[in-house]
Amino acid sequence: MRARERFNAAQWFNAAQRFKTAERLKAAERLKAAGPPVGAAALALALLTGWTAVGGAGAPRAVVADDGWMLLPAAGAASATAAFFTIRNPGDIPDELTGASWEFGGPITPKRHLHQGAAGRWEPVPALPVPGGGELAMSPEDADLMIAAPPPLKPGQRVGFTLTFRHSPPLRLTATVLPPGERPR
């Protein structure tokens, strides 16, 4: 009986050794399998950290614009005019033009033309969108900054404006006064 018991003990010992070896192989295989995803995650974390460090994350890029133009009110017409600017958003985060002021003071209202078939109407809006990677191109047919009761203006006169945005810092620009029917070149 004792020989049989020793045999069983030896078998158990050999089985335990094989089990340990198999477990070591399984652990090595698990490390090989887990290595690429863990490496990819570490690389992604390093790239995102670098992108954030150079200002690519967490801060929208400021909008940019060139000087604009405005309409000279026609003699005898309603005492109002409009100013037009093209605002570009080089970033991916949308922004909004929320308001404007000009060197003469007085209210300036962002407005948009609402098309209704062949007709339409103007409607004041709280803000004009500047899409990420896109632009807001103001025109008499779409959106503008309405100026009620402007002082007397002259063709060719340059007028200072400050445009304010939801995310970007204010822009200081000028607009050239153009006579009715004329557009910038």
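User: Why is Glu 96 called partly exposed?

Analyst: In this predicted model, Glu 96 has a relative accessible area of 28%; buried would require under 20% and exposed over 50%, so Glu 96 falls in between and counts as partly exposed.

User: What makes the pair of Glu 96 and Arg 166 a salt bridge?

Analyst: The closest N and O atoms of Glu 96 and Arg 166 are 2.5 Å apart, and the rule asks for a side-chain nitrogen of Lys or Arg within 4 Å of a carboxyl oxygen of Asp or Glu, so the pair qualifies as a salt bridge. The two residues belong to distant parts of the chain, with Glu 96 in strand β5 (residues 95–102) and Arg 166 in the loop between β11 and β12 (171–178), 70 residues apart.

User: How many salt bridges does this rule give?

Analyst: The count comes to seven salt bridges, and one of them joins the side chains of Arg 88 and Asp 66, at 3.2 Å from N to O. Arg 88 lies in strand β4 (residues 86–88), while Asp 66 lies in the loop between β1 (64–65) and β2 (68–71), so this pair ties together parts that are 22 residues apart in sequence.

User: What makes Glu 141 and Arg 183 a salt bridge, and which parts of the chain does the pair tie together?

Analyst: Their side chains meet at 2.7 Å, N to O, which is within the 4 Å cut-off, so the pair is called a salt bridge. Glu 141 lies in the loop between β9 (135–137) and β10 (143–148) and Arg 183 in the segment after β12, so the pair ties together parts that are 42 residues apart in sequence. Glu 141 is partly exposed at 43%, and Arg 183 is partly exposed at 40%.

User: Why is Thr 162 called buried?

Analyst: Thr 162, which lies in strand β11 (residues 158–165), has 15% relative accessibility, and because buried means under 20%, Thr 162 counts as buried.

User: Which residues does Thr 162 touch?

Analyst: Leaving aside residues up to four places away in sequence, Thr 162 touches Gly 99, Ala 100, Ser 101, Pro 170, Leu 171 and Arg 172. With Arg 172, the side chain of Thr 162 makes a side-chain polar contact at 3.0 Å.

Notes: Residues numbered from 1 in each chain as written. Predicted model: local features only at pLDDT ≥ 70, side-chain atom pairs only at ≥ 80, totals over all residues. Heavy atoms only, no water. Helix = DSSP H or I, 4+ residues; strand = E, 2+ residues; numbered from the N terminus. Buried < 20%, exposed > 50% of the residue type's maximum accessible area, 1.4 Å probe, protein only. Polar contact = N/O pair within 3.5 Å; in protein donor to acceptor, adjacent residues only side chain to side chain. Contact = heavy atoms within 4.5 Å.
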